[in-house]
Amino acid sequence: MRKILVFLVLTFLFLPFCGGKRVPNRIKVILLGFDGADWDFIEPLMEEGYLPHFRKLREEGAWARLRSMKPTLSAVIWTTIATGKRMEKHGIVDWLYVKKHGIKVPYNSSERREPAIWEILTEYNKTSAVINWFVTFPPDHIKGIMVSSAMRDYVFPRKKKKLLRQAVYPPRYFPLIEKCMVWNFQAALREMGIPDYRKMAREMGRDPSKLPIISSFRVFVLMEKFTENVGEVLWKKGDYDLFALYFRWPDVTTHFAGMFIKDRELVRRALEQVRTRHKLDPDLRRRLDREDAHVLLPVYRYLDRILGRYIERAEEKGAYLIVLSDHGFDLGPNGYNHELPDWMEPPLGILGIMGPGVKKGYELKDATVYDIAPTLLYLFNLPIGRDMDGKPLMGAFKFSRKLRYRRYYRRKFIKKHIKELDQDTLKELKSLGYI
Ligand SMILES: [Zn+2]
């Protein structure tokens, strides 16, 4: 009798730890957005022994070549990722729209018709930190902290600081966020381990002020370092159910990296094939990607360090880490790009998932940018949006849950455009060559 009793007590004590199917009660998720990151550049660098944390992600997590959508515009796709919906539903269909009298206005969150994941979580009383996500100004009044995409415009010196107070919610966090901005460009480069691509262009006899993106390189560096700093400060500040941090770096740098490829003959041959035959010999493609990856090495090493930092944090908390990009890059008729002619498919992005009960080294097939929001809801054990266009990526996990569905609505939100902020956004889009 005593033996049976001891057995029963022990069984009840250890039951929750058996079976490997147990998932923590309070699910926390770290969501890292690396705009434009592409396995075709990461893989050759991993093969050469670089990027240990991307390697860890591939070996210990589930991963995918993430299918993207057309138009392959970052503002549109990041909104799709946050809502799980096609652009016709969520309403952000381009960089900007034309108001009456021909006035151009960049889309902001006023035009978003569907709730983002952080609004849904707020409805369920869950806390989020959302940092720098595309098209998030004016910031949603969520439970937690939102540093909207407009806040990075703080880098423009003429910016009226008072206006930007509205870029952070709740506004009382503004002074803390403001302190994350850095002004020393050279120090930022050193800390990030990034070369001065302007100087490299000059050494090649090019005028950096006439090259798109490179002419604004200083601004992009300061913005990126600012984003990293905000992540650090907010991570230490609180305990969140969702921590979403967006980096723009791989997109910005891959747009110009091609000009620094040393083997110009290789570039010329590849471009000629794409232009005349509308396709590229796979071997030539691999060689060119490797060359481009070498130019991008400092950028990917920087991201790898950030990834490593958040993998460690996720492991400490028993949380999930999801890292993804909105699209990758392909060689089009005018070089590497993600906005490509109609006869080309949207370039595949990256996806990696780590955490309790995730299958190790498992490649998910057919994962799309529509699946991220449903997968987050699945992890939080919340109903999936009935009209979401993706599905939870259940194949990534060793456990399975019963799916529930409901319709989510975006009920109250701030509708606001501030002319000065819109003008800066237009300026930035122009320097990227997007408009
Ligand atoms: Zn993008």
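## Overall build

The protein has 16 helices and 15 strands, counted as DSSP runs (H or I over at least four residues for helices, E over at least two for strands) and numbered from the N terminus. Its radius of gyration, taken over C-alpha atoms, is 22 Å, close to the 22 Å that the globule rule gives for 435 residues, so the protein is as compact as a globular protein of that length. That rule is 2.2 Å times the number of residues to the power 0.38.

Keep in mind that this is a predicted model: local features need pLDDT of at least 70, side-chain atom pairs count only at pLDDT 80 or more, and totals for chains, interfaces and linings use all residues. Residues are numbered from 1 along each chain as its sequence is written.

## The sheet

Nine strands make an open sheet with mixed pairing, running β7-β6-β5-β8-β1-β9-β12-β2-β13; two strands pair if DSSP finds at least two bridges between them. The edges belong to β7 (168-169) and β13 (362-363), which have a single partner strand each, so one side of each is left without a neighbour in the sheet.

Further in, β2 (residues 62-66) and β12 (residues 349-354) pair in the antiparallel sense over 5 bridges, with leucine 66 opposite glycine 349. Helix α11 (residues 217-237) packs on the sheet, touching β5 (128-131), β6 (144-147) and β8 (242-247). Its direction makes about 170° with that of β5, using lines fitted to C-alpha atoms (for helices, over the stretch in contact) and N-to-C angles from 0 to 180 degrees.

## Helix α9, one face in and one face out

In α9 (residues 185-192), the buried residues are Ala188, Leu189 and Met192. Buried here means 20 or more other C-beta atoms within 10 Å of a residue's own, exposed means 12 or fewer, and partly exposed is in between, with C-beta atoms placed from the backbone. Seen down the α9 axis, the buried residues fall within an arc of 100°, so they line one face of the helix; the arc is that of the directions from the helix axis to the C-beta atoms.

That buried set packs against α11 and α14 (282-317), with contact meaning backbone-placed C-beta atoms within 7 Å. Turned away from the buried side are the exposed residues Gln186, Ala187 and Arg190. Just past α9, glycine 193 takes a positive phi of about 70°.

## The nonpolar core

The largest nonpolar core has 125 residues, and Val29, Ala244, Tyr320 and Leu321 touch the most other members. Such a core is a set of buried Ala, Val, Leu, Ile, Met, Phe, Trp, Tyr and Cys residues joined through C-beta atoms within 7 Å. Helix α14 gives the most to this core, with 14 residues.

Terms used. Two residues are in contact if their C-beta atoms, placed from the backbone, lie within 7 Å.
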